[in-house]
2 protein chains.
Amino acid sequence: MPPAKKFGLQYFCKTIQIPSKEGLNSRLNMKTTEGDQKPVIGAAEPVEGERPTLKTIAFMAGLGVTTVSRALKDAPEIGQATKNRVQLIAKQIGYRPNRAGVRLRTGKTNVISLVLNAQSEIMGLTSNMVYGISEVLSETPYHLTVTPYSVKNDPMQPIRYIVETGSADGIIMSRTEPNDARVRYLTEHGIPFATHGRTEMGIEHPFHDFDNEAFAYLSVKSLLTKGRRRIALLAGPSPSVTYYRHLHRGFSRAVEEGGANTVAVSDIDVDTSLGRIRNRMEEIMSASNRPDGIVCCSGSAAIALVAGIEAAGLKIGGDVDLVSKQSTDVLQWFRPQIIVFNEDVRHAGRELARAVLRRIAGVDARELQSLSYPDEHDLRS
Amino acid sequence: MPPAKKFGLQYFCKTIQIPSKEGLNSRLNMKTTEGDQKPVIGAAEPVEGERPTLKTIAFMAGLGVTTVSRALKDAPEIGQATKNRVQLIAKQIGYRPNRAGVRLRTGKTNVISLVLNAQSEIMGLTSNMVYGISEVLSETPYHLTVTPYSVKNDPMQPIRYIVETGSADGIIMSRTEPNDARVRYLTEHGIPFATHGRTEMGIEHPFHDFDNEAFAYLSVKSLLTKGRRRIALLAGPSPSVTYYRHLHRGFSRAVEEGGANTVAVSDIDVDTSLGRIRNRMEEIMSASNRPDGIVCCSGSAAIALVAGIEAAGLKIGGDVDLVSKQSTDVLQWFRPQIIVFNEDVRHAGRELARAVLRRIAGVDARELQSLSYPDEHDLRS
DNA sequence: CCCAAAATCTGAAACGTTACAGGTAGGCTA
DNA sequence: TAGCCTACCTGTAACGTTTCAGATTTTGGG
């Protein structure tokens with residue numbers, strides 16, 4: 001808004017109280033259009049097109065840079081009239097603090113880093129997570145940087161990098177493990193973070209998690225009411241990621257309560273390629289002791305799974321029922337329709353972002369732990 | 001690596017040539033553990049746990065900060081022996097330039113910003129794009145920040161923000177329009193960028209695009225060989241995004257060449273919610289002049305589309321054939337199986353990242369334009 | 001063996017911000 | 001009126017880097 005800028009400059013130059021001679025001179029070492037000419041009053045004017053700094057405002061308001069800095073952050077030692085004036089100028093000329101300056105001086109980066117595993121993309125997870133986080137950050141001075149790492153690499157590597165180079169004020173990470181080296185490391189170093197998923201290591205830290213135990217429990221219950229007695233579970237990567245345990249806990253509890261039987265699904269998990277899931281599923285469903293009810297914890301895996309079932313010549317809804325978690329709504333339109341529970345990953349992103357921010361603000365970790373509950377949708381209606 | 005650090009320090013302190021008195025003293029104003037004590041030789045040692053800076057290396061090597069800075073970037077005015085020594089120390093103590101320092105001094109942010117529309121998530125697009133870009137950036141000093149914007153908001157807003165605050169060295173953006181205000185703005189401001197998709201405004205700029213014209217052409221051809229004569233197209237948002245035109249061009253050409261007929265699909269495009277696509281599709285397929293062949297340019301839309309077709313009581317492969325573009329491999333396992341063309345979005349991400357980087361390096365825009373060709377997979381085999 | 005040129009190296013300044021340690025003016029108390 | 005306190009504002013230094021304009025040493029030619 002160049003017109004506002006012009007207005008601001010002219011308007012406020014008029015209202016400057018003439019400062020002492022030294023004060024004035026010291027304010028004149030502003031960038032001039034030509035390098036060598038003597039400092040003249042005119043030369044100290046903010047150059048059109050140059051980004052305004054504290055110095056610009058200070059000159060326009062006839063104040064010191066320090067005063068301006070404090071006025072902008074509402075410090076108590078600055079008079080109200082001055083604050084108003086400074087803040088008005090700042091707004092009019094479109095002042096925005098230089099991030100590099102702040103970062104160099106204070107060490108604050110105003111960056112939140114999302115550390116993700118690039119391989120284990122459960123359909124829609126990354127994007128929804130990113131958008132959820134961004135929604136929250138967009139109203140703050142924080143930027144979001146994304147740091148994916150390959151599943152083959154050490155998950156600690158990006159974390160160490162961030163800590164060593166001080167490149168973020170807070171970290172959000174997924175694929176949390178029961179005994180997570182990253183959680184330990186970050187806690188020891190006092191770096192704020194939040195995890196998608198829980199740990200089991202006695203360290204209190206911010207997290208958001210989907211209640212996978214409830215999901216598995218309810219899923220089995222749902223299969224039981226359909227008369228299914230031989231239930232199988234396709235879970236997360238065993239047992240490295242925590243929610244694998246939650247799934248099994250809820251699953252086993254419901255199976256036992258219902259007096260049903262468990263059919264083990266070996267060799268595949270949610271990380272497995274869809275092709276292998278399909279093939280393995282065809283094998284499993286061709287065996288004599290095949291399950292008649294399956295719980296699956298990923299939408300894309302469910303699709304491969306259905307393909308395998310049908311390749312074995314079986315019919316969903318007839319020979320076997322299927323319940324799946326999904327983190328995007330594609331399964332809604334997938335056929336045959338199956339029972340799904342939605343995990344709202346975008347909501348998780350929002351929660352996680354809020355958690356790190358509040359953690360950075362010093363809130364106790366215990367107050368930043370939340371769970372979201374499965375939300376059943378019987379798509380077969 | 002604290003052991004290496006220790007080793008480096010001890011080793012090199014031995015090899016320091018004793019510098020002149022002033023030189024030595026001037027080097028002693030390094031951060032001491034206690035604030036007020038007099039500068040002693042020991043106090044100037046790099047503090048364990050503090051991040052090393054140029055000053056640390058300078059002290060250890062008995063050189064000036066300037067020399068170290070130059071030596072690390074292989075400047076010609078530094079002796080080879082010095083360079084080797086400095087670079088060795090830097091490596092041993094794990095020196096990494098402070099980004100805020102560099103950025104403040106040079107204005108270089110070492111950041112690439114991915115500006116995305118949060119709503120128009122074509123299944124897997126965002127994540128694959130992010131991972132593709134990251135793959136390339138991970139071998140450079142660049143970080144990736146993601147700036148999503150709502151489809152309701154002005155697409156220019158995040159772009160303006162980035163330019164005004166100088167928060168990135170380069171920008172990657174999608175949903176390119178024939179006459180794209182962002183492209184014009186960035187070109188005028190001389191900010192390096194690359195677009196996913198082409199413009200038609202006579203400005204040469206780096207881009208990567210999927211050849212949607214070829215995709216549509218080949219798709220129709222494929223339908224024609226199956227005897228389909230009444231062909232419909234579900235395209236991108238009309239006509240704001242450029243590839244809408246490419247799709248139609250390839251589509252029309254093939255339909256004309258084959259002497260077939262076009263069936264218009266109104267009211268819906270790839271941005272429409274899956275629910276509305278399904279419903280609208282049901283209507284269209286219930287009408288008397290329904291198509292018998294459909295080309296669809298998004299995998300998730302195809303799923304909703306199939307649901308609509310089947311809701312109308314029609315059978316894929318029998319009553320109607322479907323060809324779709326997909327940017328992830330879920331359709332592979334979707335049933336009924338349809339003909340798909342893969343767009344490798346991860347590859348696009350890599351291309352785009354390479355393009356911005358080379359653009360930043362000063363390469364001519366015309367050398368940074370690439371197209372990727374449709375890759376047919378008949379999943380029905 | 002001397003001097004100029006080339007080869008190396010150097011400190012100071014600057015980028016924009018905030019923390020620190022005052023400074024000044026005005027009003028109040030004694 | 002002197003002394004002090006409060007309210008408000010100030011300049012300087014520092015964060016880590018690079019650029020500028022030298023300074024010093026080494027080399028080589030005569």
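Reader: Which residues come nearest to DNA strand C?

Author: Of the 27 residues around DNA strand C, the nearest are Ser69(A), Tyr95(A), Arg105(A), Thr67(B) and Thr82(B). A residue is near a strand if one of its heavy atoms lies within 4 Å of it. Before we go on: this is a predicted model, where local features need pLDDT of at least 70 and side-chain atom pairs count only at pLDDT 80 or more, while totals for chains, interfaces and linings use all residues. Residues are numbered from 1 along each chain as its sequence is written, chains are lettered from A and ligands numbered from 1 in the order in which they are written, and side-chain values use heavy atoms, with hydrogens and water left out.

Reader: What polar contacts does DNA strand C have?

Author: A polar contact is a pair of N or O atoms within 3.5 Å. Tyr95(A) has a polar side-chain atom 2.4 Å from a phosphate oxygen of DNA strand C. Bases are involved too: a backbone N or O atom of Gly101(A) sits 3.3 Å from a base nitrogen, and a side-chain N or O atom of Thr66(B) is 2.8 Å from a base oxygen.

Reader: How should I read a strand, and which way do the side chains of strand 5 of chain B point?

Author: In a regular strand the side chains alternate between the two faces of the sheet. Strands here are DSSP runs of E, at least two residues long, and helices are runs of H or I, at least four, both numbered from the N terminus. In strand 5 (residues 207–210) of chain B, Phe207(B) and Asp209(B) point one way, His208(B) and Phe210(B) the other, and all are buried. Buried means under 20% relative accessible area (1.4 Å probe, protein chains only).

Reader: Which strands pair with strand 5 of chain B?

Author: Two strands pair if DSSP finds at least two bridges between them. Strand 4 (residues 193–196) of chain B pairs with strand 5 in the parallel sense over two bridges, with His196(B) opposite His208(B). Strand 11 (residues 369–372) of chain B is also a parallel partner, over four bridges; there, Gln369(B) is the bridge partner of Phe207(B).

Reader: And a helix: how many residues of helix 13 of chain A are buried?

Author: Eleven of its 13 residues are buried. Those buried residues pack against strand 6 (230–234), helix 12 (274–286), strand 8 (293–296) and strand 9 (321–326) of chain A, where contact means heavy atoms within 4.5 Å. After helix 13 of chain A comes Gly313(A), with a positive phi near 85 degrees.

How values were computed. Buried < 20%, exposed > 50% of the residue type's maximum accessible area, 1.4 Å probe, protein only. Polar contact = N/O pair within 3.5 Å; in protein donor to acceptor, adjacent residues only side chain to side chain.
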